[in-house]
Amino acid sequence: MSGALTIAGYALRESTRRRVFVVVLILTVAFLALYAVGTEAAFDSINAEAAGAALDVEDEVLTGSTLLGLAMFTTLFLGCVLAVFLTLGAVRGDAERGVLQPLVVRPLGRTALLAGRFTAAAGVCAAYVAAVYASATIITGVAGGWWPADPVSPGLGLVMGVILIAALSLLGSIFLSATANGIAVFMAFGAGLAAGLLGQIGDALDVDTLKNVASVASWVLPFEALYQGGLDSLTEDVGGATAVIVQLGPFGGAQEGGPVLWLWSVAYLLLLAAAARLAFARRDL
Amino acid sequence: MSAAFECRELSKRYGATVALAGVDLEVQPGELVGLLGPNGAGKSTLVKIACGLVRPSGGEAQVAGQQAGSAAARATIGYLAELFRFPEWLRADEVLSLHQRLAGSSGGAAERGDLLELVALADAERTRVGAMSKGMQQRLGIAQALVGTPRLLMLDEPTSALDPVGRRVVRDLLLELKRRGVAVLLNSHLLSEVERVCDRVAILVGGEIVARGSPAELARAGGVEVELDSGLRAFPEASREQVPEIVAELVAAGERVYGVRVLSSTLEDTYLEAVEAAS
């Protein structure tokens, strides 16, 4: 246990020294600043025009949920970038650079080494995603006076999502070179998002094949389902015309997550951990 | 007391490639054994199996009586890889501190100071790895390998990046370790280094040990050469013990003797012969 914590501390220091960390922080600050300006402008605009009055649409809800949905998408994307870059070369990449061998020959064991690396990456990504999501929620609330129906669940979904991406990338790092692993995980991330959009189209047009594809993809890549579940939680108390229009928007069409999704996400994480442990134990360095 | 390292019929295959084909080797406590061989001979694979970095395909390997690769075995070794890198942002002292924690060493600052002193890096305690020359990093790597007072030290090409002064530091260090009873398995291409410090040498070619013995045993007698008025005369079958007799006969025959040289093949000659014969 102490060996894993030592590695986690070492990996944590390494994480914060990587250039990608600075790049992501700069991008995040830029995003939040633009988000604040955009949100302020959007709410000012709807207050002036009251466009939805005739349709009995709650303009603040529509604007707030759409903007926060956009913020959630961006947060998940930036969190994914961070998770991938912190883990993409953790095993094979580090072994090829000669960084890994001096650590592996120590008595702590390979499992502890993996656990340490994962703890550090997951901790950094989880803290990052939680902070950005909380900032975006507060900006939305302060700028427009709109707060999500359930502000906690979407944040937890995003946190769990990036933790899964970090675990997936760590597993991939055992088999693939750093570049190949980064590409593979980003492709998986993209495939998940594409499947989510297909599901949205399938729901709107009532096409079973598209809905089935989205459903299967959600189980195979649960970070997408967690994100969808989070979007759904934003407006879970909204009904009527507002709910219909939100569903038609780019961040609508979301599916409810539910406890089964969370149980599956935890099981998925454990499966990734078991696969990584087994693969790393058998890998020649 | 069990051998510091022992392997029997050790083999390793990477797909169709045979890296080790039934190697037997033993390193006793306090013994310095050199592994020689061309690139791809299996030297690094052998060391990596001993460290637990590579799983053998067959045979067995033990470190201090424990199965190689087990936590108990890894607790008794120090290892310097041929290609290694420490994070550039760590200071020399921090590198050693990290490895102390991983090795469970309670040596603290005193041990770190001693190790840096031992590899002539006492002044570089606060220097970041990124600011060190390749030679300094190599010596820091050796200090790292010595954290926790290992019983068996495995060094893979430890002097490859060092200048003559650095090599001298490592050579003296190896002799000091030997004096302290630490067993050393040394992989090197530098035959002169191996010849100077090793008690025994094993020459590995194509995954098999083709010659082994002390450097003196491997460097065979090569005859006697005598300098006369008429030039050099060679006695290829003669040994050192026959020199007085040869000189006496030459003088009795009216020759004037200006010098005598006992010839022996060097470890390099033996190595080259072994490699050529095996290939």
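Me: Let's begin with A:W219. Is it buried, exposed or partly exposed, and why?
Reply: A:W219 counts as partly exposed because it has 13 C-beta neighbours inside 10 Å. For the cut-offs, a residue is buried if 20 or more other C-beta atoms lie within 10 Å of its own, exposed if 12 or fewer, and partly exposed in between, with C-beta atoms placed from the backbone.

Me: What should I know about the model and its numbering?
Reply: This is a predicted model, where local features need pLDDT of at least 70 and side-chain atom pairs count only at pLDDT 80 or more, while totals for chains, interfaces and linings use all residues. Residues are numbered from 1 along each chain as its sequence is written, and chains are lettered from A and ligands numbered from 1 in the order in which they are written.

Me: OK, and where does A:W219 sit?
Reply: A:W219 is in helix 9 (residues 208-220) of chain A. Helices (H or I, at least four residues) and strands (E, at least two) are DSSP runs, numbered from the N terminus.

Me: How far is A:W219 from A:L269?
Reply: They are 50 residues apart in sequence and 12 Å apart in space, going C-alpha to C-alpha.

Me: Switching to helix 1 of chain A: at what angle does it pack with helix 6 of chain A?
Reply: Helix 1 (residues 2-17) and helix 6 (residues 110-144) of chain A pack at about 45 degrees, with their axes 7 Å apart. Axes are lines fitted to C-alpha atoms, for helices over the stretch in contact, and angles run from 0 to 180 degrees between N-to-C directions.

Me: What do we call that arrangement?
Reply: That angle makes helix 1 of chain A oblique to helix 6 of chain A. Under 35 degrees counts as roughly parallel, over 145 as roughly antiparallel, 65 to 115 as roughly perpendicular and the rest as oblique.

Me: Now chain B. How many helices and strands are there?
Reply: Chain B has 10 helices and 13 strands. Of its 279 residues, 42% count as buried.

Me: And which strands make up the open sheet?
Reply: In chain B, 3 strands form an open sheet in the order 12-11-13, with antiparallel pairing. Two strands pair if DSSP finds at least two bridges between them. The edge strands are strand 12 (231-235) and strand 13 (257-264) of chain B, each pairing on one side only.

Me: How many bridges join strand 11 to strand 12 of chain B?
Reply: There are 5 bridges between strand 11 (residues 221-228) and strand 12 of chain B. B:L228 stands opposite B:G231 in strand 12 of chain B.
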